[in-house]
Amino acid sequence: MLCRNQNASEMRHVIFVLLFLGLFHSISSQISVKDKRQLVNSCIDGNNHKQEPGPEDSLHQQCLPWRNNSCCTGNTTIHAHGGKMYGFNYNHCPNRKMSNKCLEHFVQDLCFYECSPNVGPWVQAVNMKMRRERFLDVPLCATDCDDWFHACKDDYTCTDNWTLNFKWINGTNHCRPESECRTFSDIFQNSSNFCERVWDHSWKYTSNSEPCMRIWFDGNQGNPNENVARWKIQQSNRAESFSVMPFSFMLPALIITSKLLV
């Protein structure tokens with residue numbers, strides 16, 4: 001009899017702990033959903049990023065699409081068009097100057113990085129001098145990537161990963177001695193490899209039939225990337241709801257069992 005009572009007491013304790021953990025997980029999930037909603041309109045933690053996005057009337061040239069709601073300032077966008085922001089040299093191959101049409105796309109890419117308030121769902125923490133966060137695997141529309149690669153395919157570079165593979169001397173990137181300058185077509189082969197590898201998987205090549213980011217758009221018509229960020233958060237919320245579901249199915253059985261043991 002004593003053993004039975006002890007087992008019943010232990011079972012009630014286990015059930016209480018499970019019910020408490022389930023309630024805690026449910027509350028935590030609700031808080032997580034609330035936090036994720038804020039990611040639709042937020043700025044990454046970087047040296048030139050504003051703390052919160054907002055209107056900027058003085059954005060420069062390729063950065064104009066974000067003027068209605070931006071994480072960058074007008075001064076930042078002027079530097080973005082200067083050709084050596086963060087000390088990065090696009091003309092890193094000796095006697096090879098990047099073409100204007102290729103450079104234009106890289107400036108658009110830089111404007112997206114500095115100005116977009118919609119990459120929150122893809123943000124990862126990093127430990128770098130220029131930033132504490134980066135975005136990873138942001139879905140880039142295939143047509144935008146294809147246009148970018150086509151504009152640069154005959155230009156020259158010496159590595160396929162511009163984030164990791166350069167040698168930095170006095171704050172400027174240089175090709176490593178063992179590397180060889182070749183065309184973008186030779187090094188990347190195709191637009192998918194180019195967009196996904198050049199900035200160490202910041203971008204993910206994505207069909208236009210799927211939710212994907214535009215690196216260039218008419219800001220007067222609104223920002224299409226907002227809906228893509230909302231879609232990503234909804235997908236994440238559905239995944240979390242599914243993970244809670246099995247426990248929710250257990251609750252009635254646990255409650256009934258606990259009553260039988262009283």
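**Close-ups of a predicted model**

**View 1. Phe194 and the side chains around it.** Leaving aside residues up to four places away in sequence, Phe194 touches Phe106, Trp148, Phe149, Phe184 and Phe188. Keep in mind that this is a predicted model.

**View 2. The largest nonpolar core.** The largest nonpolar core has 46 residues, and the ones touching the most other members are Phe106, Trp148, Trp162, Phe184, Phe194 and Trp203. Two or more residues each come from H3, strand S3 (138-141), helix H4 (142-152), helix H5 (184-188), helix H6 (191-197) and helix H7 (225-260). In soluble globular proteins, nonpolar side chains tend to be buried together.

**View 3. Helix H4 and its cover.** Which residues of H4 are buried? They are Ala142, Asp144, Cys145, Trp148, Phe149, Ala151 and Cys152. Among the elements covering them are H3, S3, H5, H6 and strand S8 (203-206).

**View 4. The largest pocket.** How much space lies in the largest pocket? About 610 Å³. The lining has 21 residues, and Tyr86, Phe88, Met130, Arg131 and Trp199 are the closest to the pocket's centre. Sorted by type, the lining residues are 13 nonpolar, 3 polar and 5 charged.

**View 5. Who builds the pocket lining?** Helix H3 (100-115) and strand S2 (133-135) each supply at least two residues of the largest pocket's lining. H3 gives the most, with 3 residues.

Conventions
Residues numbered from 1 in each chain as written. Predicted model: local features only at pLDDT ≥ 70, side-chain atom pairs only at ≥ 80, totals over all residues. Heavy atoms only, no water. 1 Å grid on protein atoms, 1.4 Å probe; cavity = no way out; pocket = protein on both sides within 12 Å on 5 of 7 lines; lining within 4 Å. Points joined across faces, edges and corners; volume = space filled by probe spheres on them. Helix = DSSP H or I, 4+ residues; strand = E, 2+ residues; numbered from the N terminus. Nonpolar A, V, L, I, M, F, W, Y, C, P; charged D, E, K, R; others polar. Core = buried A, V, L, I, M, F, W, Y, C linked by side-chain atoms within 4.5 Å. Buried < 20%, exposed > 50% of the residue type's maximum accessible area, 1.4 Å probe, protein only. Contact = heavy atoms within 4.5 Å.
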